[in-house]
Amino acid sequence: MIQLSVNGTQHQLDVPDDMPLLWVVRDVLGLTGTKFGCGIAQCGACTVHLDGEAVRSCVLPVSAAAGRAVTTIEAVGQSALGAQVQQAWLDHEVVQCGYCQSGQIMSATALLQRQPAPSDAEIDAGMAGNLCRCATYTRIRAAIRDVDAGGAA
Amino acid sequence: MHSSKTLFGGLALAALSLHVQADDQALIERGKYLAAAADCVACHTVPGGEPFAGGVEFKLPFGSLYSPNITPDQQTGIGDWSDAEFLSALHEGVGKDGKRYYPAFPYTSYTLMPDDEVQAIKAYLFSLEPVSNTVPENTLSFPYNQRWGMFFWNLVFHNNERFEPDPSQSEAWNRGAYLVEGPGHCGECHTPRNFAQALSSSQPLAGNLVQGWQAYNISSDPAHGIGAWSPAELVSYLGKGYAPGKGVASGPMGDVVSHSLRHLSDDDLSAIATYLLTTEPQSEGVKRPDPVSASAEPVSDAGLGGQLFAGACAGCHSWDGSGTQSPVATLSGLKTVNDPAGTNLLNILLRGHTAPELRVDQQMPNFAKAYQDAELAAVGSFVLQHFGQTGASLSADDVAARRGNTGH
Ligand code: FES
Ligand code: FES
């Protein structure tokens, strides 16, 4: 049995220790907002927060998340910063197909948490592990800058 | 009366044979453990092949050797070997029919094992299914193909002696010394070899380049060896394949952990740590980087290498090398990021770290096909400069040369 806190709810889960967190979130808990892309930490589609830090849930065994706070795209909007990021995403109409976007928003929120006013280069470096095959990168950058301009932190 | 006697006799026999079976089973189990400690399977199994069926190629500067089939097959294995012949192979390097082995077979280490442990290994091997597999002939060139020459080599470099405990040391130390020098044959990779391919007696465990990988200095020197590791870190490395900020076992050492060390008891692993921490310090080879930590802030002006690190590496390893996903992904403090030749670094980038028993957060994909030589050189250089102190950089040619190394 693993005790897992996801989006503020405690779960008792009967899953193997080494099951990737992404599997647990999507298949066991039914939270399908987090996407599977590559499965080897190379695309960022599966990004969630572990104690506020962006992690790739496809390569994180659920046992490593036990006792820590997991936040997924379904609940990121509950924090003021997360809500601002989502609003900026809407304002800039960042989303194209959308597949990568939950991961982008999770990474952007974690980045802004660390660096409230990132430069363009810092945005590129901080977001670089999140791929977007629709190439929405310029809008992502603009939206992140906008959150800063709105004085999120 | 008569029948009850027979019955009694029969029961006694049955009891006796049960007893013998239990003894045999215990001997086989002991042999299995020792065979793991001696990592027989590593050299006697081709990738994907039947365990112990031999045929692994050892490329030497003067030709190739092939490991023999050591399953109990009568024709192609060691099924018709006597106890004495097996003992002579492990203690003296002389096999059945007086064939002299080359010291790719570490009999110069195994010779330290007492007779009963060698026989236990034989009992274990003979309990396995025979596999019929004829291994290729060695292809050594003259004069190295003259096995009799090994007679003189042995005179100079081989002592046919069993392990003698040092009474002034603890039991754990002696156990560790025995495991390291005997069955574990650590020095076979970690001790440099002299002109005659014998282990250099003046630099034990000082590190060596083996199969294109750095088998790092594991003497007790704190800067170059493992002197700065805690016993618990050594046990973690040996038993699990990693000690965050100290080392991750990959390539051939990953295989050693996978086939051998992770099967040893914690007591034996602690004993190995106890011994290694007391060996004579050797100050050569790749130095550990100072534990000054890199900044956690993304580096935004590091050119191609930094961009690639951001995209492909930082997600797991973090900008400060502390490993976001898992402590196993810790880069800072590893010798691998401080080896100016980038030997193991490039090997891992090209081969990944993907042993099936590793948990998802301990694995790393390989980047051999994803990036070109110049890109891998750039990201490798970035890693060396960001986390290490040598200031070295790698070229596309370095990567191209490494691509040829398959690790076998
Ligand atoms: S699915 Fe996890 S990074 Fe691609
Ligand atoms: S919006 Fe389509 S992949 Fe990013």
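This is a predicted model: local features need pLDDT of at least 70, side-chain atom pairs count only at pLDDT 80 or more; totals for chains, interfaces and linings use all residues.

Reader: How much area is buried between domain 2 of chain B and domain 3 of chain B?

Author: The area buried between domain 2 of chain B and domain 3 of chain B is about 1,500 Å², and carbon and sulfur atoms give 54% of it. On the side of domain 2 of chain B, the residues W213(B), Y216(B) and G245(B) supply 35% of the area buried against domain 3 of chain B, which is more than any other three residues supply. The contact joins 19 residues of domain 2 of chain B with 19 residues of domain 3 of chain B, and the centres of these two domains, taken over C-alpha atoms, are separated by 23 Å.

Reader: Into which domains is chain B divided, and which domains does the assignment give for chain A?

Author: Chain B is divided into domain 1 (2–157), domain 2 (171–276) and domain 3 (303–403), while the assignment for chain A gives domain 1 (2–75) and domain 2 (77–152). In chain A, the C-alpha centres of domain 1 and domain 2 lie 20 Å apart, and the contact takes 19 residues from domain 1 of chain A and 15 residues from domain 2 of chain A. Between these two domains of chain A about 1,300 Å² is buried, of which carbon and sulfur atoms give 54%. Within domain 1 of chain A, the residues that lose the most area to domain 2 of chain A are H49(A), I73(A) and A75(A), together 36% of what that side buries.

Reader: Now for the helices: at roughly what angle do the axes of helix 4 of chain A and helix 5 of chain A cross?

Author: For a pair of helices, one may look at the approach of the axes, then the angle, and then the residues that meet. The axes of helix 4 (residues 80–91) of chain A and helix 5 (residues 101–114) of chain A come within 10 Å and cross at roughly 130°, and these two helices are therefore oblique to each other. Their crossing is right-handed. Among the residues that meet are V85(A) and W89(A) in helix 4 of chain A, with I105(A) and L112(A) in helix 5 of chain A. The residues of this contact divide into six nonpolar, six polar and no charged.

Reader: Which residues of helix 7 of chain B meet helix 11 of chain B, and how are the two helices oriented to each other?

Author: The axes of helix 7 (residues 171–181) of chain B and helix 11 (residues 266–276) of chain B come within 7 Å and cross at roughly 90°, and the two helices are therefore roughly perpendicular to each other. From helix 7 of chain B, the residues A172(B), W173(B), R175(B), G176(B), A177(B), L179(B), V180(B) and E181(B) meet helix 11 of chain B, where their partners include I272(B) and Y275(B). By class, this contact has nine nonpolar, two polar and three charged residues.

Note on methods
Residues are numbered from 1 along each chain as its sequence is written. Chains are lettered from A and ligands numbered from 1 in the order in which they are written. Side-chain values use heavy atoms; hydrogens and water are left out. Axes are lines fitted to C-alpha atoms, for helices over the stretch in contact, and angles run from 0 to 180 degrees between N-to-C directions. Helices (H or I, at least four residues) and strands (E, at least two) are DSSP runs, numbered from the N terminus. Angles under 35 degrees count as roughly parallel, over 145 as roughly antiparallel, 65 to 115 as roughly perpendicular and the rest as oblique. A crossing is left-handed if the near helix is turned anticlockwise from the far one by less than a right angle, and right-handed if clockwise. Contact means heavy atoms within 4.5 Å. Ala, Val, Leu, Ile, Met, Phe, Trp, Tyr, Cys and Pro count as nonpolar, Asp, Glu, Lys and Arg as charged, and the others, Gly among them, as polar. Domain bounds come from an automatic or database domain assignment. Buried area is the accessible area (1.4 Å probe) that two parts lose on being put together, summed over both.
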